[in-house]
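Me: I'd like to go through this model and ask where its labels come from. Can you set each value against the rule behind it?

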Amino acid sequence: MVAPFLSTIPGAKAQTAADRLTFVVPYPSGGITDMAARALAERMSAQLGQTIVVENRPGGGSRIGIESVQRAPADGRTLLFTNTSYAVLPIVDPAARYQPESSLVPIGVTATYGLQLVVSGAVPARTLQEFIAYAKARPGKLSYGSSGLGSGTHFAGEYFKALTGTYLVHIPYRSTASALNDVAGGIIDMTMDATAKTLADAGRVRILAVLDARRDPRLPDVPTAAEAGLPDLRFTSWVGLLAPAGTPPSVVERLSLAMNASLRDPRLQARLQDMGMHPTGGGPEQMLKQIRDDIALHRRIVAQARLRFE
C-alpha cells in the first residue's frame with residue numbers, strides 16, 4: 001500500500017520490484033552509519049512506496065562504496081548513505097579521486113552525533129586526563145583503532161594525538177564496530193565511536209568523554225571533552241544521503257522530501273536517539289554547506305596541527 005504522503009512528493013508513484021532503491025553503505029554492517037541507514041530505509045520505504053535495500057560495500061576507508069555510487073546510473077535508484085568521512089577522505093587519501101562538492105549530489109543530512117572516546121577495560125585510566133598521562137608515559141606502546149584511513153575516527157584519533165602530545169599507534173579497521181570489538185577484547189587500547197554504551201554498561205569498555213558540545217543523554221555521567229579539560233577536541237559527525245551526479249533535480253527533491261517526512265516520524269526519531277543521534281533533516285543546499293564547512297575545517301586542522309596520516 002502506498003503511503004498517503006506520496007501525493008505531496010513530486011513524481012512519487014507506486015513502484016514495481018524492479019524499481020527498488022538501494023542505499024549503499026560504504027562500511028560493513030553493525031556500525032552506526034549502517035544502523036542509521038537501516039532505520040531510515042524502513043520509514044522512507046513507506047513514504048515512497050518502494051522497497052529500499054541496504055547494501056554494504058566496505059573498503060578503502062569508504063572509497064569503494066563511494067566509487068560504486070559514482071558509477072551508478074543517475075536515476076535516483078542507487079544512493080550513498082554515508083557520514084562525515086565523505087567530505088574528509090580526499091584530504092588525507094590521494095587514492096580517493098572524487099570531489100565531495102560535485103561528484104555526488106546531496107539529498108540531505110539525516111542526523112548528527114558526537115563521537116565517544118572509548119578505552120579498553122584493561123586501561124587503568126578513569127578520566128580523560130588520566131588517559132592522556134597514561135599514554136604520554138608510554139609513547140608508541142598504546143594503540144587506537146579507526147574505521148579506515150581517512151575516516152572520521154582516524155582523523156579524530158590523529159587530532160587527539162596532536163592536541164595532547166601523545167603517540168598512539170594507528171590500527172585501521174574496516175568498520176568502527178570491528179575496532180570497538182577489539183577495544184572490548186583488550187587487543188587495542190582506544191577508539192572513537194558512538195555505539196559503545198552497551199559494552200560500557202557491561203564493564204567491557206570505558207567511555208571517558210563525548211566529543212560534542214553537549215553530553216549524550218544516554219550517558220549523563222560522561223563529560224564532554226571540553227568539560228574534561230580538552231576543549232578543542234570536538235567532533236560532531238553527520239550521516240546522510242547523496243545521489244550520483246546528474247540525477248534530475250525533480251528526483252533529488254522527491255527523495256529529500258521523503259527523507260525529511262520520515263524524520264518527522266516519532267518512531268524513527270526514537271530509534272536514532274537510541275543510537276545517540278540527533279535527527280536533523282534539511283535539503284540539498286544545507287548538506288552541501290555542511291560538506292564545504294567540513295572540508296574547510298579539516299584542511300585547517302591538518303595545516304595547523306601538521307597532521308600526518310599513516
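Me: How many bridges join E3 to strand E9, and do the two run parallel or antiparallel?

Reply: Bear in mind that this is a predicted model. Four bridges join E3 to E9 (residues 236-244), and the strands run antiparallel. Within E9, Leu-242 is the bridge partner of Leu-80.

Me: What makes E1 and E3 a pair?

Reply: Pairing takes at least two bridges. E1 (residues 21-25) and E3 are joined by three, so they pair, and they run parallel. One of the links is between Val-24 and its bridge partner in E3, Leu-80.

Me: Why is strand E3 called largely enclosed?

Reply: Six of the six residues of E3 (residues 78-83) are buried, so the strand is largely enclosed by the rest of the structure. Both faces are covered: Thr-78, Leu-80 and Thr-82 are buried on one side, and Leu-79, Phe-81 and Asn-83 on the other.

Me: Why does Thr-22 count as buried?

Reply: Its relative accessibility is 12%, and buried means under 20%, so Thr-22 counts as buried. Thr-22 sits in strand E1. Leaving aside neighbours within four places in sequence, Thr-22 is in contact with Val-53, Glu-55, Arg-77, Thr-78 and Leu-79.

Me: And why is Leu-163 called partly exposed?

Reply: Leu-163 has a relative accessible area of 29%, so it is partly exposed. Leu-163 belongs to helix H5 (residues 152-164). Not counting residues up to four places away in sequence, Leu-163 touches Asp-232 and Leu-233.

Me: What lines the second largest cavity?

Reply: Gly-114, Val-210, Asp-212, Arg-214, Asp-216, Gly-276 and His-278 line it. The second largest cavity has a volume of about 40 Å³. Its lining divides into one nonpolar, three polar and three charged residues.

Key
Residues numbered from 1 in each chain as written. Predicted model: local features only at pLDDT ≥ 70, side-chain atom pairs only at ≥ 80, totals over all residues. Heavy atoms only, no water. Buried < 20%, exposed > 50% of the residue type's maximum accessible area, 1.4 Å probe, protein only. Contact = heavy atoms within 4.5 Å. 1 Å grid on protein atoms, 1.4 Å probe; cavity = no way out; pocket = protein on both sides within 12 Å on 5 of 7 lines; lining within 4 Å. Points joined across faces, edges and corners; volume = space filled by probe spheres on them. Nonpolar A, V, L, I, M, F, W, Y, C, P; charged D, E, K, R; others polar.
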